[in-house]
Amino acid sequence: MGTIPNPFWDETLREFNGLDEPVGNFLKDDPMVIEMVDDIATFVDKWLPRFESAQRSYMTIAIGCTGGQHRSVYICKTLGEHFTGRLEQIQVRHRELHK
């Protein structure tokens, strides 16, 4: 079992971040990235109705990685897109982006 590839170690991608197309193209077809996003989305899809039925007003999902510029940003963006239109309000924030 390996790890999710880190675009930081590819000098052609280092200057970009997870919102940029080159990084997205690097990560979007990687089987482990796909599996992680699918697992998180499936988990939230399963548990979200239970949170809603308990009258919870929000849910926070946090994703982190070593530098906070590439992988976590891409995964948060992808999850945000997955839930947009399915939930009333989605906020995607990147704490470390551009630091």
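1. Ground rules. The model is predicted, so to speak "local" you need pLDDT of at least 70, side-chain atom pairs count only at pLDDT 80 or more, and totals for chains, interfaces and linings use all residues. Residues are numbered from 1 along each chain as its sequence is written, and side-chain values use heavy atoms, with hydrogens and water left out.

2. Overall layout. The chain has three helices and zero strands, running α-α-α from the N terminus on. Helices (H or I, at least four residues) and strands (E, at least two) are DSSP runs, numbered from the N terminus. The C-alpha trace spans about 45 × 30 × 20 Å along its principal axes.

3. Helix 2 against helix 3. The axes of helix 2 (residues 31–53) and helix 3 (residues 71–83) come within 10 Å and cross at roughly 45 degrees; axes are lines fitted to C-alpha atoms, for helices over the stretch in contact, and angles run from 0 to 180 degrees between N-to-C directions. That makes the pair oblique, the class left over once under 35 degrees is roughly parallel, over 145 roughly antiparallel and 65 to 115 roughly perpendicular.

4. Who touches whom. On the helix 2 side, Val33, Met36, Val37, Ile40, Ala41, Val44 and Asp45 meet Tyr74, Ile75, Thr78, Leu79, His82 and Phe83 of helix 3 (contact means heavy atoms within 4.5 Å). By class, this contact has 10 nonpolar, two polar and one charged residues; Ala, Val, Leu, Ile, Met, Phe, Trp, Tyr, Cys and Pro count as nonpolar, Asp, Glu, Lys and Arg as charged, and the others, Gly among them, as polar.

5. The largest pocket. Its volume is about 1,000 Å³, taken as the space filled by probe spheres set on grid points joined across faces, edges and corners. A pocket here is an open set of points on a 1 Å grid where a 1.4 Å probe fits, with protein on both sides within 12 Å along at least five of seven lines; lining residues have an atom within 4 Å of a point. Of the 32 lining residues, Met59, Thr60, Ile61, Ile90 and Gln91 are the closest to the centre.
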